[in-house]
Amino acid sequence: MDVVETCEEETLCSGTPSTKRSLPSIEEEVVGFEKDAESIIKKMIQGTKELDVISIYGMPGHGKTTLARKVYNNPSIVNYFDVKAWCSVSQAYYRIKLLGEIFNQVTGYKSEIDDDVDIADKLQKTLKGRRYLIVLDDIWKVEAWEDLGLCFPKGEDGSRVMVTTRIEEVAKHLQHCSDPYSLRFLTLEESWELLQKKVFQGESCPPNLQGPGLKVAQHCKGLPLVIVLIAGIIGKMERQESLWLEVANDLSSHALDEQSMNVIQSSYDHLEDHLKPCLLYMGLFPEDFKIPVYDLLKLWMAEEFVLNVETENMEEAARVCLNDLLNR
């Protein structure tokens with residue numbers, strides 16, 4: 001799920017600049033994965049000239065999408081392919097909508113596709129004879145690939161489809177030329193680096209917190225999502241060794257397969273009370289839905305979620321809540 005600024009929101013902000021705060025950057029901190037990205041980029045550029053599917057698989061919170069995005073935005077990839085498109089598939093998907101998203105990205109077309117248009121045929125004709133890269137993020141079922149893959153023309157142009165999935169069997173079924181890529185866990189050093197970046201925002205870690213911090217990083221078990229969520233928790237705490245050690249001890253009690261869900265629950269529990277309904281409300285939107293900021297703020301205000309925030313301007317109060325959530 002993404003929260004996006006719309007043209008309408010930008011116009012509204014420009015009218016009252018003194019009371020508006022810009023949204024923080026929500027670009028992901030990428031730590032580690034350099035060699036992983038290099039390996040995948042090599043398959044993209046130096047591999048077979050035939051259409052190839054490159055699958056990245058791993059457990060939830062492992063960093064599959066982060067790695068795929070790192071590859072997708074690499075300058076050598078940007079320059080190598082004629083056209084690129086990225087779409088999130090997820091468990092429940094609408095084939096026509098996804099194909100429409102891909103078509104719009106490769107053509108620059110902005111309007112919605114009419115229902116009577118054979119978008120699969122239009123997309124295939126548009127891609128034919130071009131070196132394309134399509135990313136299908138978060139595929140759950142083989143049927144999804146069989147549903148969408150027919151629209152990607154085969155040829156000798158060096159085109160690629162990159163897929164992320166948490167299910168190894170799906171990755172293996174999609175295999176063409178390249179073997180599926182099993183994503184590794186972050187090392188302790190990488191985990192500690194990511195934790196420091198998230199907690200201290202460029203500042204140095206105080207010497208008294210380095211020991212407890214390393215223990216926290218160690219018990220995140222190499223999962224980037226867990227590290228980011230834990231950073232959001234301890235970043236709001238007083239910088240005391242005893243508090244960080246409590247977090248480390250709590251993390252050590254979780255098994256790997258339940259680590260992410262337990263930390264997500266803990267992250268929610270540590271939210272201020274007025275932020276909890278704001279976050280839960282976002283769960284009403286479909287998975288991977290792009291929520292316009294302007295609409296979200298108005299909906300929060302209509303639900304009276306932001307009345308207890310100390311500011312005279314309700315829209316500013318709603319934006320403060322959104323900033324707080326995005327900074328977690």
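Trainee: Which residues line the second largest pocket?

Mentor: Start with the general idea. Rolling a probe the size of a water molecule over the atoms shows where empty space is left. Here a pocket is an open set of points on a 1 Å grid over the protein atoms alone, where a 1.4 Å probe fits, with protein on both sides within 12 Å along at least five of seven lines; lining residues have an atom within 4 Å of a point. In this structure, L51, W145, E146, G149, L150, F152, K154 and H176 line the second largest pocket. One caution: this is a predicted model, where local features need pLDDT of at least 70, side-chain atom pairs count only at pLDDT 80 or more, and totals for chains, interfaces and linings use all residues. Residues are numbered from 1 along each chain as its sequence is written, and side-chain values use heavy atoms, with hydrogens and water left out.

Trainee: What is the volume of that pocket?

Mentor: About 150 Å³ for the second largest pocket. Volume is the space filled by probe spheres set on the grid points, which are joined across faces, edges and corners.

Trainee: How does its lining divide by class?

Mentor: Ala, Val, Leu, Ile, Met, Phe, Trp, Tyr, Cys and Pro count as nonpolar, Asp, Glu, Lys and Arg as charged, and the others, Gly among them, as polar. The lining has four nonpolar, two polar and two charged residues.

Trainee: Now helix pairs. At what angle do α5 and α6 cross?

Mentor: Helices are DSSP runs (H or I, at least four residues), numbered from the N terminus. Axes are lines fitted to C-alpha atoms over the stretch in contact, and angles run from 0 to 180 degrees between N-to-C directions. The axes of α5 (residues 95-107) and α6 (residues 119-127) cross at roughly 30° and come within 9 Å. So α5 is roughly parallel to α6 (under 35 degrees).

Trainee: Which residues make that contact?

Mentor: Contact means heavy atoms within 4.5 Å. From α5 come R95, I96, L99, G100, I102, F103, V106 and T107; from α6, I119, A120, K122, L123, T126 and L127. They divide into nine nonpolar, three polar and two charged.

Trainee: What about α11 and α12?

Mentor: The axes of α11 (residues 224-234) and α12 (residues 241-252) come within 11 Å and cross at roughly 150°. V226, I230 and I234 in α11 meet W244, V247 and L251 in α12. By class, that contact has six nonpolar, no polar and no charged residues.

Trainee: How do α10 and α12 cross?

Mentor: At roughly 15°, with the axes of α10 (residues 207-219) and α12 within 8 Å. Therefore α10 is roughly parallel to α12.

Methods. Helix = DSSP H or I, 4+ residues; strand = E, 2+ residues; numbered from the N terminus. Parallel < 35°, antiparallel > 145°, perpendicular 65-115°, else oblique.
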